[in-house]
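Hi,

Here is the structure I promised to pass on to you. My notes on it follow below.

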Amino acid sequence: ENASGLYLIQVMSMKHLSIFMFVLIILTGCWDSQELDDVVLVQGVGLSLGGEKKDKINLIVEIIKPVSQSRQNASSSEGQGNGQQIDLEHEADTTLEAARQLIAFAKRRLSFEHARIFIIHRDLAEREHFARILDTVRRDKMLRTNSYLFVTNQDPMDILSTPTLYESLTSNELVSALDQTKFIAEFAPLMIRDFFKNIEGPLPNSYIPMIRTQKNGNQVITYLEGSAIIHEGKMVGTLNERETYGLNFLLDQVNGGTVSIRENDQERVALEINRSKTKIIPKLQGKKLTVEVHTMVEGILADNYTMEEELDQSFFSKLEEKIE
C-alpha cells in the first residue's frame, strides 16, 4: 500500500514537471528580436539598372525617419505631420548586397518587413527573366508578398520622392490610392504574390500597373496609367487605360467605375457600375478553338444629358443596347 502510494506521487510529480517544462518553452523570449532603435523601416522599394554598362542593380529605398516623442508632440501641437521620409539609393551586383551596403548611409540596419510597394524601372522589366530579381521577396523572411508592384518609365527615385497630398509617405499614399481603384475600372492593382501566381501558372503571363508623375495645377503628383504586360518573365508591351479597362472585365475584377455613351457633342449618358460578372466559355471543335465571353453589368443611370423627356422602358431598352 505504501509502495503504490509512493508510485502515485511520483507519477503526479512527473506530470507536473512536464507541464512546467512546457510552460517554460512557450514563454521563452524571441531569440531573433531586434530593437527599433537599431533599424529603420523601409516602406517603398525601387529597382533599376545601374552602372555604366547597365550590369548592376540600383536599389532605392523610402524609409521612415524616426521622430522622438518630444518632437512628435511638438509637431502635433503645431498642426504639422508627424512623419518624414528619407530616400536613399545604392548600386551593387545584387539587391541583397545593395541593401547591406546601404547600412553605411542609413547608419542603421534596413528592415523590409513593412515594405508596401516595389517600383520597377521599365529598362529592368524588359530584361530577360527580370522576375528572378523579385524571387528574393518571397524567399526572404524579412520581405512580404502582399506588397504592390508597379512599373515606371521614369527613375523610381522620382516616384518615391514625389510630394504627397494626404499621407506622410509616398508609399502609404499609393497603397491608399489602390484601395480606391474599385471606383475606377481603368486600373488593375497587383500584389507580388499574385504576380508569381500568374507567371508560374499554365500560361506564364501577367500584368503590372504602370505609374508616372504628372503636373496637376501647381504641383507634381503620382498618376496610375495603363499596365505593363509580362510574358515568360519579361515585359513585352503595354496596355493603355482603355485596354486595361477591358482587361479588368476579362479578369472578372470590375466592381465599380462608369460606362459613358456619347451620342453627339450635346447628348451623353453615363452608367455607374454597381457590379459585374464575366464568364469565359472555351469551345474546341477539331483543332479550332473559340472563346465566348459573357459579361453581365448592373448599374445606375448617373448622368443623362439627352433630349429625351420621358425615361420610359423604351428609353432604357435603347440605352442598354448602346451600352452593350
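Helices (H or I, at least four residues) and strands (E, at least two) are DSSP runs here, numbered from the N terminus. Please keep in mind that this is a predicted model, where local features need pLDDT of at least 70, side-chain atom pairs count only at pLDDT 80 or more, and totals for chains, interfaces and linings use all residues. Residues are numbered from 1 along each chain as its sequence is written, and side-chain values use heavy atoms, with hydrogens and water left out.

Let me start with the hairpin. Strand 11 (residues 268-285) and strand 12 (residues 288-305) run antiparallel and are joined by 17 bridges; pairing takes at least two bridges found by DSSP. Two residues lie between these strands, and in the turn Gly286 has a positive phi of about 65°. Opposite Glu298 of strand 12 stands Arg275.

Strand 12 also turns up in the lining of the largest pocket, where it gives the most, with seven residues. Helix 10 (241-250), strand 10 (258-262) and helix 11 (313-323) are among the elements that each supply at least two residues of that lining. By type, the lining has twelve nonpolar residues, four polar and six charged (Ala, Val, Leu, Ile, Met, Phe, Trp, Tyr, Cys and Pro count as nonpolar, Asp, Glu, Lys and Arg as charged, and the others, Gly among them, as polar).

Strand 12 provides the largest share of the patch, three residues, and Leu289 is located in strand 12.

Best wishes
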